[in-house]
Amino acid sequence: MTAITHVYNYTVRCPHYQDPSHEVSWKNHIELNHSSEIALKRITKWHSESGDMAFEDRGFVVRKASDEKAYFAVQSSRLKNDGHALVTFKLFLDDCCDKADPADIIDHLIGDYEQRLSKL
């Protein structure tokens, strides 16, 4: 068995402000961290509160939380150097982000994740 060698946790939040000098959107509010603790907390929570399947994109099953306006996904990827990457996605889409499409956001995040993996 090989270990998880890379962890990627993406969090997207909708902005709660407007700025007339530039466009404000979810693209300005993407957080990425590499915390194993956050990944484990997310997996544990989602395992016990799995939500409802919303859609699938490139093998990622995206679920909508039942208790909040949030979407999430988790997946592992085998790397060519016999390591493994673990990725989690969490989108917080509240009322001020009505125009944001979760499928577009996940597509964007998967593209970023795949680009990062291609550099390993």
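Me: Which residue in β2 does Val12 stand opposite?

Reply: Val12 stands opposite Ile30. This is a predicted model, in which local features need pLDDT of at least 70, side-chain atom pairs count only at pLDDT 80 or more, and totals for chains, interfaces and linings use all residues. Residues are numbered from 1 along each chain as its sequence is written, and side-chain values use heavy atoms, with hydrogens and water left out.

Me: What makes β1 and β2 a pair?

Reply: Two strands pair if DSSP finds at least two bridges between them. Strand β1 (residues 4-13) has four bridges to β2, so the pair qualifies. The two run antiparallel. A strand here is a DSSP run of E with at least two residues, and a helix is a run of H or I with at least four, both numbered from the N terminus.

Me: What is the sense of the pairing between β1 and β6?

Reply: β1 and β6 pair in the parallel sense, over nine bridges. Val12 has Leu91 as its bridge partner in β6. β5 and β6, by contrast, run antiparallel, joined by nine bridges, with Phe72 opposite Lys90.

Me: In what order do the strands form the sheet?

Reply: The order is β2-β1-β6-β5-β4-β3, an open sheet of six strands with mixed pairing. β2 (30-33) and β3 (52-57) each have a single partner strand, so they stand at the edges, with one side of each left without a neighbour in the sheet.

Me: Why is β6 called mostly covered?

Reply: Buried means under 20% relative accessible area, with exposed over 50% and partly exposed in between (1.4 Å probe, protein chains only). Eight of the nine residues of β6 are buried, so the label follows from that cut-off.

Me: How many cavities of 30 Å³ or more are there by this rule?

Reply: One. On a 1 Å grid over the protein atoms alone, a cavity is a set of points where a 1.4 Å probe fits but cannot get out, and lining residues have an atom within 4 Å of a point. Grid points are joined across faces, edges and corners, and a volume is the space filled by probe spheres set on the points. The largest cavity holds about 40 Å³.

Me: Which residues line the largest cavity?

Reply: Its lining consists of Lys45, Trp46, Glu49, Ala65, Asp67, Glu68, Phe72 and Lys90. By class, three are nonpolar, none polar and five charged. Asp, Glu, Lys and Arg count as charged, Ala, Val, Leu, Ile, Met, Phe, Trp, Tyr, Cys and Pro as nonpolar, and the others, Gly among them, as polar.

Definitions and conventions. 1 Å grid on protein atoms, 1.4 Å probe; cavity = no way out; pocket = protein on both sides within 12 Å on 5 of 7 lines; lining within 4 Å.
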